[in-house]
Amino acid sequence: MGSPKQLLQVRGKPLLELVVGQVTASKLDDVVVVLGAAADEIQGRVDLGRARVVVNPDHSSGMASSLKAGVASLGGDVDRVVVILGDQPDVDAALLDELLDLQASSRLPAAALSFNGLLHPPVVLAREMWADLMTLEGDVGCRAVIRGRPEQVAGLPVETDLTHPIDIDTPADYESLNPSRL
């Protein structure tokens, strides 16, 4: 991207600040932001509110190391985790709360968004599924866990014209955001 994508301006704020603001407005008790490359610069320019930061010194090995760092930072009293990508500006507090409620009411160990039957983050994972996260290696995330065990995941159908959540991975993704959202 040429610069840390967490600092891209979306709706007048750095992308990560927008996402973390939505997350901290949800009913989550503890919010952990895992940072890797450019952690100092990001922390200096992004208001993370009540979120606490965990810096992943092994970030260059891929997404799996960040998941492990975040999960390892949680206390023994935490019974479920919500994995949220920091580059999805349209994931809001209401959606996160709905996923939490779905996972609890379904009695399944996980819940995720479902776009045309395909499971996507954000993902709620009960502690019983954390061992699966800890076995991941490289640039692999929760999709591998939830798609590998779909019978254990409550899907929250998303009715939009999108085939998956908008995340910003390339300059073209950023450019394709509707100008009213920038």
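**Exercise 1. Work out how covered helix α1 (residues 15-24) is, and what covers it.**

Start with the count: eight of the ten residues in α1 are buried, so call the helix mostly covered; buried means under 20% relative accessible area with a 1.4 Å probe, protein chains only. Helices here are DSSP runs of H or I with at least four residues, strands are E runs of at least two, and both are numbered from the N terminus.

Next, list them: Leu-15, Leu-16, Glu-17, Leu-18, Val-19, Val-20, Val-23 and Thr-24.

Then look at the neighbours. These buried residues pack against β1 (9-10), β2 (13-14), β3, α2 and α4 (93-106), where contact means heavy atoms within 4.5 Å.

Before going on, keep in mind that this is a predicted model, with local features needing pLDDT of at least 70 and side-chain atom pairs pLDDT 80 or more, while totals for chains, interfaces and linings use all residues. Numbering starts from 1 along each chain as its sequence is written, and side-chain values use heavy atoms, leaving out hydrogens and water.

**Exercise 2. Find the residues with the most contacts inside the largest nonpolar core.**

First, the term: such a core is a set of buried Ala, Val, Leu, Ile, Met, Phe, Trp, Tyr and Cys residues joined through side-chain atoms within 4.5 Å.

The largest one has 32 residues, and Leu-16, Val-33 and Leu-48 have the most contacts inside it. Two or more residues come from each of α1, β3, α2, α4, β6 (110-115) and β8. The top contributor is α1, with six.

Now zoom in on Leu-16: leaving aside residues up to four places away in sequence, Leu-16 touches Gln-6, Val-33, Leu-35, Ile-42, Val-46, Leu-48 and Gly-86.

**Exercise 3. Sort the faces of strand β3 (residues 32-35) and follow the chain to β4.**

Val-33 and Leu-35 sit on the covered face, Val-32 and Val-34 on the uncovered one.

β3 pairs in the parallel sense with β4 (residues 52-55) over four bridges; pairing takes at least two DSSP bridges. Val-33 stands opposite Val-53.

**Exercise 4. Say which strands stand at the edges of the open sheet.**

Write out the order: β5-β7-β6-β8, four strands with mixed pairing. β5 (80-83) and β8 (153-157) are the edges; each has a single partner strand, so one side of each lacks a neighbour in the sheet.

How values were computed: Buried < 20%, exposed > 50% of the residue type's maximum accessible area, 1.4 Å probe, protein only. Right-handed = clockwise from strand over helix to strand, strands pointing away.
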